[in-house]
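Visitor: I have a structure open and would like to learn how to read it. Could you walk me through some features?

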Amino acid sequence: MENIHVDGEMRTEVTILDKENMRASHNFWPVMKDGITAAWPICVGYAPIGLAFGVLAQKAGLSPGEIGLMSLLVFAGSAQFIAVSMISGGAAAIPIILTTFTVNLRHLLMSSSLAVHLQRLNAGWLSLYAYGVTDESFAINMTRFREEPWDWRRALVLNHTANLAWLFSTIIGGYGGQFIPAGAFGIDYALPAMFICLLVLQIRGSLYVAVAVIAGLLAVACALFFPGNAYIVAATAAAATIGVFLRKWNGKASKSEETL
Amino acid sequence: MKVDYVLLILGMGIVTYLPRWIPLILLSRRQLPEWLRQWLDFIPVAVLSALILPAVVTTGEPRHLDVFQPAFLVSIPVFIFAWKTRSLAGSVIIGMALFWIAGKFFH
């Protein structure tokens, strides 16, 4: 009996040590493995979305090289879709660039939120990190930063793994897209499905549910009354502000929630 | 590659990169006030919700409300699946399959 007891104790010690090692481990391979493992679900989502984008871009008259260049330099799914539909509609460059700017302005809020977890990182790494800030990498990295040993190196590997998946799937879509019929396999729903799960991962208590509901309803109301894409940033900023006041009024109730 | 397209893509890249870059450079080296930290803490949940809900309950140009569209109806089981499993890849696969099936009934 005693031996077994001692054995059990030793085991728990080992696992605690393992966790500490993991937190400290900056070795190349563990960092790569953790980052890529966390990125693969994003890649599964990007593959059909990227193929769908490649198909549309090719039909709008972009060559696979131009599709790849756009995925490399812009790396923002929804903005790329909108730009391509504007190109096929014959829009000029300036309106397309302005639309891209407003659609992607939400990253301003995401990068601000990420900055809390990237303290003391030098400008070079921050500049590389900024390149990979997307809805998906942002949501996954924020969850990881909060819930487990996670650092900027792993987050950076995740960003660039997702980037590669996006780059290749869009180029493949540009080459072979004509063989995939429009709307096949529910391809159009890959992005909403991914966003739904990313939203679920961000909910950490009733206050977050309240902010999500307020943001969603405000966004729908603004989207119905105003053209364009400003509703995303407007509804997000307003709902987060309401959330701060709700937390203030809730006081202790929300504090006990935070520890959950 | 056409020069016009390269310039367009370059412009799109710059206006996308700057909002990603400026807050990281400005905010990562200073102590943020508590209210701002709390505000930023709500950004993920708020921005994802503001992206999804209009996308699945509105259609057309100009946009109008349409709750009985496959995108919204499929969102309900996908939400429940995501809530139970927390699986990103699973949610994407289930969502695509359901949307594909729903499309056959709606057309």
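Guide: Let us go from the chains to their interface, then to single residues. This is a predicted model, in which local features need pLDDT of at least 70, side-chain atom pairs count only at pLDDT 80 or more, and totals for chains, interfaces and linings use all residues. Residues are numbered from 1 along each chain as its sequence is written, while chains are lettered from A and ligands numbered from 1 in the order in which they are written.

Visitor: How many helices and strands are there in chain A?

Guide: Helices (H or I, at least four residues) and strands (E, at least two) are DSSP runs, numbered from the N terminus. Chain A has 13 helices and 0 strands.

Visitor: What share of chain A is buried?

Guide: A residue is buried if 20 or more other C-beta atoms lie within 10 Å of its own, exposed if 12 or fewer, and partly exposed in between, with C-beta atoms placed from the backbone. Of the 260 residues in chain A, 47% are buried.

Visitor: How many residues of chain B are in contact with chain A?

Guide: Contact means that two C-beta atoms, placed from the backbone, lie within 7 Å. By that rule, 66 residues of chain B are in contact with 86 residues of chain A. Helix 1 of chain B gives the largest share of the chain B side, 19 residues.

Visitor: Which feature marks helix 4 of chain B at B:Ile76?

Guide: A bend is the angle between axes fitted to the seven residues ending at a position and the seven starting there. Helix 4 of chain B bends by about 30° at B:Ile76, and the proline B:Pro77 follows within four residues. The buried residues of this helix, helix 4 of chain B, pack against helix 10 (190-202) of chain A, along with helix 3 and helix 5 of chain B.

Visitor: Where is B:Arg86 found?

Guide: B:Arg86 is in the loop between helix 4 and helix 5 of chain B. B:Arg86 is not a glycine, yet has a positive phi of about 55°. Because B:Arg86 has 13 C-beta neighbours inside 10 Å, it counts as partly exposed.

Visitor: Why does A:Arg120 count as exposed?

Guide: A:Arg120 counts as exposed because it has 7 C-beta neighbours inside 10 Å. Its phi is near 65°, a positive value in a residue other than glycine.

Visitor: And which peptide bond is cis?

Guide: The bond from B:Glu61 to B:Pro62 is cis, with omega near 5°. B:Pro62 lies in the loop between strand 1 (58-59) and strand 2 of chain B.
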